[in-house]
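Please open the structure in a viewer and keep the selection tool at hand. The stops below are meant to be taken in order.

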Amino acid sequence: MATVSYKDATRIYPGADHAAVDKLNLEIGDGEFMVLVGPSGCGKSTSLRMLAGLEEVNSGSVWIGDQDVTGLAPKDRDVAMVFQNYALYPHMTVADNMGFALKMKGVAKDERESRVLEAAKLLGLEDLLTRKPKNLSGGQRQRVAMGRAIVRDPQVFLMDEPLSNLDARLRVQTRTQIAALQTRLGVTTVYVTHDQVEAMTMGDRVAVMKDGKLQQVDRPLALYDSPKNLFVAGFIGSPAMNLLPARVVDGGVELGDLVLPVPRETTERATGADVVLGVRPENFELSPTGEGLTMTVNAVEETGADSYLYGSLTGVPHDQQVVARVTTRTPPSRGERVLLHIDPAKVHVFDKTTTERIS
Amino acid sequence: MRRPAGRNAPLDAAGWHTGPVPRFLSAKPDARLIPLPWGTPLAEWPVEHLVALPRGISRHVVRFIKVGDQVYGAKEVVEHVAIHEYRLLHDLRRLGTPSVEPVAVVSGRVDADGVPLDPVLITRHLDFALPYRSLFSPGVRHDTVMRLLDAMVVLLARLHLLGFMWGDVSLSNILFRRDADTFAAYLVDAETGELHDQLTDGQRSHDLEIARVNIFGDFCDLEAGGLLDESLDPLSLVETIESRYHELWDELTGLEEFSDSELYRIESRVRRLNALGFDVAELDIQTSPDGRTISIQPKVVDAGHHSRRLMRLTGLDTEENQARRLLNDLDTFRARMQLQDADESVVAHQWLTECFEPVISAIPPELSGKRDPAQIYHEVLDYRWYMSQREDREAPLVKATKGYVRDVLNTLPDEAMSRDVLVTVDGGDHRLINPYDPSLGFVDDLEGDEGPVHDPWEEAAEGIDAGQAEVLDVDALRRRG
């Protein structure tokens with residue numbers, strides 16, 4: 001096991017006019033599950049590959065523990081890429097399917113068997129070790145693939161979109177299992193995904209990237225509750241945070257036909273009068289006082305005790321669709337107007353020009 | 001478009017299903033594919049649409065499907081992967097890489113109950129292809145194995161020269177074709193591939209490591225199934241792959257330095273690359289400031305030195321070593337006919353009509369599926385050489401062709417499309433559990449696999465709702481802290 005450190009690590013592809021990864025500084029703790037997340041082209045896979053040795057580091061360095069691995073060949077780094085895209089060998093037992101790579105490395109038979117048994121116990125595959133893979137379920141096959149990486153006993157696991165080829169059910173099943181397994185194994189893991197739900201569900205910490213730059217790294221709940229900038233605010237959360245144009249006025253921030261009381265020390269941080277208010281869908285409620293923002297409901301989606309209301313707010317541009325999650329026994333109908341209340345303490349305020357959080 | 005109704009699909013007055021219909025993404029559409037039962041999972045397709053051809057193992061459901069006299073490979077896989085692979089295979093073909101031809105992606109499939117099915121990637125079956133499971137079997141000659149490994153190494157180096165990182169090099173993802181006395185390897189699965197401008201050393205090294213592990217696993221699996229010749233050791237086979245790859249890569253791209261008195265080494269390097277089947281498109285030549293040291297390094301090399309020349313002269317599309325053999329025969333023809341001063345393309349046309357075509361047209365049509373034409377010509381030349389040795393005079397080509405058909409071709413198995421579903425091992429036969437899916441193994445692999453097993457992970461997974469994939473459960477996040 002080991003820590004991983006990126007120190008000003010930069011990758012510029014030949015002929016490119018900007019860095020694919022720009023001065024990345026990231027410390028990953030020993031045994032930590034770190035998820036790199038962001039949209040396509042944000043640099044998350046490149047960052048992982050710099051750690052794996054597949055991409056050159058043009059400047060800066062990458063460390064595993066106290067060793068600078070920047071110039072090392074991939075096979076000398078003691079990392080394992082967990083490869084979900086595998087075929088199981090039909091004539092070999094589950095045990096051999098897990099342990100054959102150790103045989104290639106010259107690991108003695110007793111040692112091989114002991115490592116395979118240990119991994120199989122962790123993976124709930126103990127009773128299947130002597131069987132051929134023909135009758136294994138999709139989930140069991142995934143676990144055999146994980147077993148192949150576990151028996152190698154690497155310092156760091158690397159996973160690049162490992163669930164992207166699976167159907168939705170197997171994806172949920174496998175992500176839960178990977179997270180549980182990583183906790184039990186305690187091996188430092190760097191995991192890349194474009195899916196923020198996957199990232200937030202699995203990671204001890206999540207690093208959000210955009211345009212080659214690290215935007216924020218924090219525990220999932222901290223990212224959700226205190227996004228550092230507009231990009232993180234809009235990217236993390238499903239449904240996404242409502243990001244609404246507003247103006248700084250005396251006594252707070254004006255949104256549509258409402259002035260929300262926002263502390264002066266917050267509004268003073270704004271570089272101009274234009275700000276963006278961020279409101280999570282669950283931070284709206286149907287106004288109990290007869291005051292609030294008027295929403296014209298375009299669609300209603302009921303999920304158990306809660307309803308998601310989709311619509312537009314009076315005074316806010318109509319192309320700005322707003323989502324509110326409210327608890328009510330009598331959800332409004334399509335076309336109806338409702339009054340929404342927002343708790344000012346739960347509003348996120350961003351500077352429109354710098355896009356940084358100011359609240 | 002309409003298609004026959006499924007069990008619960010909405011029907012129109014004529015009994016046709018009016019629900020969602022599949023969508024075909026295709027550059028060269030084959031209309032005969034459209035009426036196939038796309039509303040049925042590939043694993044459940046009626047056998048009248050299938051053909052059982054030998055192939056490697058796969059994680060996905062893969063079948064060979066037949067429409068008319070054409071056979072296609074079909075792979076059921078999630079949409080973004082299907083489209084990625086379809087486009088990548090197109091790029092590889094455009095770059096002249098030996099790979100299977102992508103035909104279509106069929107998406108928008110739903111079953112009779114309206115449940116979505118994964119798209120299907122369709123590729124054209126490679127005629128005269130020999131899957132590895134039939135090539136390393138007991139009785140195989142050691143030099144044949146080395147030629148197969150060399151073919152694989154050449155393919156990997158060619159792909160790496162183009163900037164292609166395969167990501168899943170394995171024997172299952174390669175097909176071999178005969179190429180004169182050697183083999184040519186073809187890529188048949190590009191699912192994990194990536195095309196870059198240029199690969200880093202780390203990417204090549206990673207690909208090679210994947211190749212080592214996967215191919216070692218492939219050989220161990222053949223060994224476990226009794227399908228590997230006992231004289232072959234999986235470990236030494238994969239070590240051979242690595243060392244041969246490095247030798248070839250160094251020859252293709254390495255920097256060579258020599259003194260200014262050895263300028264002939266420039267020509268030697270080019271000739272060595274030509275002999276390996278590569279043309280040098282760009283050679284970087286540098287001289288030291290004192291002019292005493294010359295360094296050369298190939299910057300752009302293209303595979304297909306001989307096959308391109310043969311294609312230009314005759315229009316014949318062959319493998320590289322077949323082309324080398326045919327070009328040698330063309331040169332011999334030129335000398336024998338004393339045509340040294342004639343235009344090369346005129347001589348080539350004469351050779352084609354007086355030598356090559358008469359041999360190929362003398363092959364009975366019912367035997368033409370045993371070898372492709374260039375391979376037949378190569379084998380006829382071999383046969384003629386032995387015949388001439390025996391008779392102590394040069395045997396005429398027509399007579400040699402008749403002898404070859406009678407003594408050799410008649411006895412060979414059909415390789416255009418082998419339908420053998422039995423795998424012979426040490427005199428016994430192993431029957432595949434499913435003749436259309438070798439990934440499931442043999443019937444006798446199942447011995448001792450009866451009875452349920454306790455698997456707490458599967459039990460815990462039973463209540464999982466696929467809808468959870470899309471929704472962030474904030475309450476659970478807060479409980480976690």
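This is a predicted model: local features need pLDDT of at least 70, side-chain atom pairs count only at pLDDT 80 or more; totals for chains, interfaces and linings use all residues.

Residues are numbered from 1 along each chain as its sequence is written, chains are lettered from A and ligands numbered from 1 in the order in which they are written, and side-chain values use heavy atoms, with hydrogens and water left out.

**Stop 1: chain A as a whole**

Select chain A. Its C-alpha atoms fill a box of roughly 75 × 50 × 35 Å along the principal axes. The chain holds 9 helices and 20 strands; helices (H or I, at least four residues) and strands (E, at least two) are DSSP runs, numbered from the N terminus. Of its 359 residues, 54% are buried, meaning under 20% relative accessible area, with exposed over 50% and partly exposed in between (1.4 Å probe, protein chains only). Of the contacts between residues at least 6 apart in sequence, 65% join residues at least 24 apart, a contact being heavy atoms within 4.5 Å.

**Stop 2: the open sheet**

Now show the strands of chain A in the order S6-S7-S8-S3-S9-S10, which is the order of an open sheet of 6 strands with mixed pairing. At the edges are strand S6 (79-81) and strand S10 (213-218) of chain A, each pairing on one side only. Neighbouring strands of this sheet are turned by 20 degrees against each other on average, direction ignored. Inside the sheet, select 156-160 (S7) and 188-193 (S8) of chain A: the two run parallel and share 5 bridges. Two strands count as paired if DSSP finds at least two bridges between them. Phe157(A) has Thr189(A) in S8(A) as its bridge partner.

**Stop 3: the helix across the sheet**

Select residues 44-52 of chain A, helix H1. The helix lies across S3, S6, S7, S8 and S9 of chain A, at about 145 degrees to S7(A). Such angles run from 0 to 180 degrees between N-to-C directions, with axes as lines fitted to C-alpha atoms, for helices over the stretch in contact. How many residues of H1(A) are buried? The count is 8 of its 9 residues, among them Lys44(A), Arg49(A) and Met50(A). After H1(A) comes Gly53(A), with a positive phi near 95 degrees.

**Stop 4: a hairpin**

Select residues 4-11 (S1) and 59-64 (S4) of chain A, an antiparallel pair with 5 bridges. Ser5(A) stands opposite Trp63(A) in S4(A). Ile64(A) is the bridge partner of Gln67(A) in S5(A). S4(A) and S5(A) form a hairpin with 2 residues between them, and Gly65(A) in the turn has a positive phi of about 60 degrees.

**Stop 5: chain B**

Finally, select chain B. Its C-alpha atoms fill a box of roughly 80 × 65 × 50 Å along the principal axes, and its secondary structure comes to 12 helices and 17 strands. Of its 481 residues, 51% are buried. Chain B exposes about 22600 Å², with 51% of that supplied by carbon and sulfur atoms.

Key: Accessible areas come from the Shrake-Rupley method with a 1.4 Å probe; for residues, only the protein chains shown count as cover.
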